[in-house]
Amino acid sequence: MHLPYSEEIEIQSLGRLFDNTSECYKFFWFQALVTKVLEGKETITYEELINEMIADAWYMVTEYHLNLGPKDTLERLVNDVSELSGMKPCEKKETILDFVNHCTDKSVIQRKRTLTYNVPYRLQAPFMENVKGKAWNVSESSLISAINREKRLMYYFTALKGMQTAIQMQPEWTEYIFKNQEVLRGWLKYNMIIYLQRRNPSVPGIADKLQPPLERKLDKVQKYWRLLLTLEQVHEIYGNEIVTERDISIDHFVPWSYVAHDEFWNLHPTTKSINSSKSNYLPDWNRYFSKLCRLEYFSYMMMNRYGRVKDAFELCSRCTSRRKHAGSGAGYMREKMKVRGW
């Protein structure tokens, strides 16, 4: 993927920003930096950037449980904050930022500080000619002094003050980011997806697990099954209970946290209590998949029998997500059911 040309900055060095990445920090630091620049900030503290990183990683860690790295401090930090706060995976970003900004837990504070020991400095390594090898193995204040003597960098540092240390963005870089923000975000997302796929080889749909979905509506699917309930009796697949209009709930057979889509093949009716107890567990393949198939077959037979059922189904097919993910479908399901059952 080619980055837009500029006479002011070194595009070749920018393109090497994520070379040899063994941890996720560079991606989230750069993403946080771009976000703050687009908010109009030129001087940004470590505290602000780390808090932004936590909020950006929140959904993929708490909802999808993605592995961010072999010894990933950011992943552990997000889990710590989740446990302390009790916030949901779908929590608003503003709420997450407010919590981490005011959090006084010592463990959280220490982990936040740990994240600043390398990435603020190492990110710009491709631009530096004089900071190499043993030059990295010095104190933070000495490293800041050495980096601040380099030319044409993205940002420079104020005096070391722990989490209140700040980076100072350079005007040519803020202009470049504003002008090319969509391309930069696409380039960042592309590189992050490649990294996360390497860390999570058995997880499908990585591209759709970087942030919360913009919209999730299952009301059309529920209306479809409510219509079927008025025509014939429907038994849900887990406990063979009769599904009623009052107690109907739409379940993802393979949980949302695994597949990140609302495709019709993965949705079926059950009761509210059963859906709640199932949570994000994978159903046992041998026990439940054949029952799901029979329920699906019943649905298709009803479509052929009743025109209004077919119309309702077609409305569902237009409204539910039709995105196709690598690994989705029965083959993927069969493999994942072996991991843990419900």
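Biologist: Which residues in α4 do Met 53, Ile 54, Ala 57, Trp 58, Val 61 and Thr 62 in α3 meet?

Modeller: This is a predicted model. In it, the six-residue list you give is the α3 side of a contact between two helices, α3 and α4. The residues of this contact divide into 9 nonpolar, 4 polar and 1 charged. On the α4 side they are Leu 74, Glu 75, Leu 77, Val 78, Asn 79, Val 81, Ser 82 and Ser 85.

Biologist: At roughly what angle do the axes of α3 and α4 cross?

Modeller: Helix α3 covers residues 46–62 and helix α4 covers residues 73–85. Their axes come within 9 Å. Angles of 65 to 115 degrees count as roughly perpendicular, and α3 is therefore roughly perpendicular to α4. The crossing angle is roughly 80 degrees.

Biologist: Why are the buried residues of α8 placed on the same side of the helix?

Modeller: In α8, residues 140–148, the buried ones are Glu 140, Leu 143, Ile 144, Ala 146 and Ile 147. They pack against α3, α6, α7 and β2. They lie on the same side of α8 because they cover an arc around the axis of only 165 degrees.

Biologist: How many disulfides does the count come to?

Modeller: A disulfide needs two cysteine sulfur atoms within 2.5 Å. For Cys 24, the closest cysteine sulfur is in Cys 103, 19 Å away, so this is too far for a bond. Cys 24 is buried at 1% relative accessibility, and Cys 316 is also buried, with a relative accessible area of 1%. The count of disulfides comes to 0.

Technical notes: Residues are numbered from 1 along each chain as its sequence is written. This is a predicted model: local features need pLDDT of at least 70, side-chain atom pairs count only at pLDDT 80 or more; totals for chains, interfaces and linings use all residues. Side-chain values use heavy atoms; hydrogens and water are left out. Axes are lines fitted to C-alpha atoms, for helices over the stretch in contact, and angles run from 0 to 180 degrees between N-to-C directions. Helices (H or I, at least four residues) and strands (E, at least two) are DSSP runs, numbered from the N terminus. Angles under 35 degrees count as roughly parallel, over 145 as roughly antiparallel, 65 to 115 as roughly perpendicular and the rest as oblique. Contact means heavy atoms within 4.5 Å. Ala, Val, Leu, Ile, Met, Phe, Trp, Tyr, Cys and Pro count as nonpolar, Asp, Glu, Lys and Arg as charged, and the others, Gly among them, as polar. Buried means under 20% relative accessible area, exposed over 50%, partly exposed in between (1.4 Å probe, protein chains only). The arc is that of the directions from the helix axis to the C-beta atoms.
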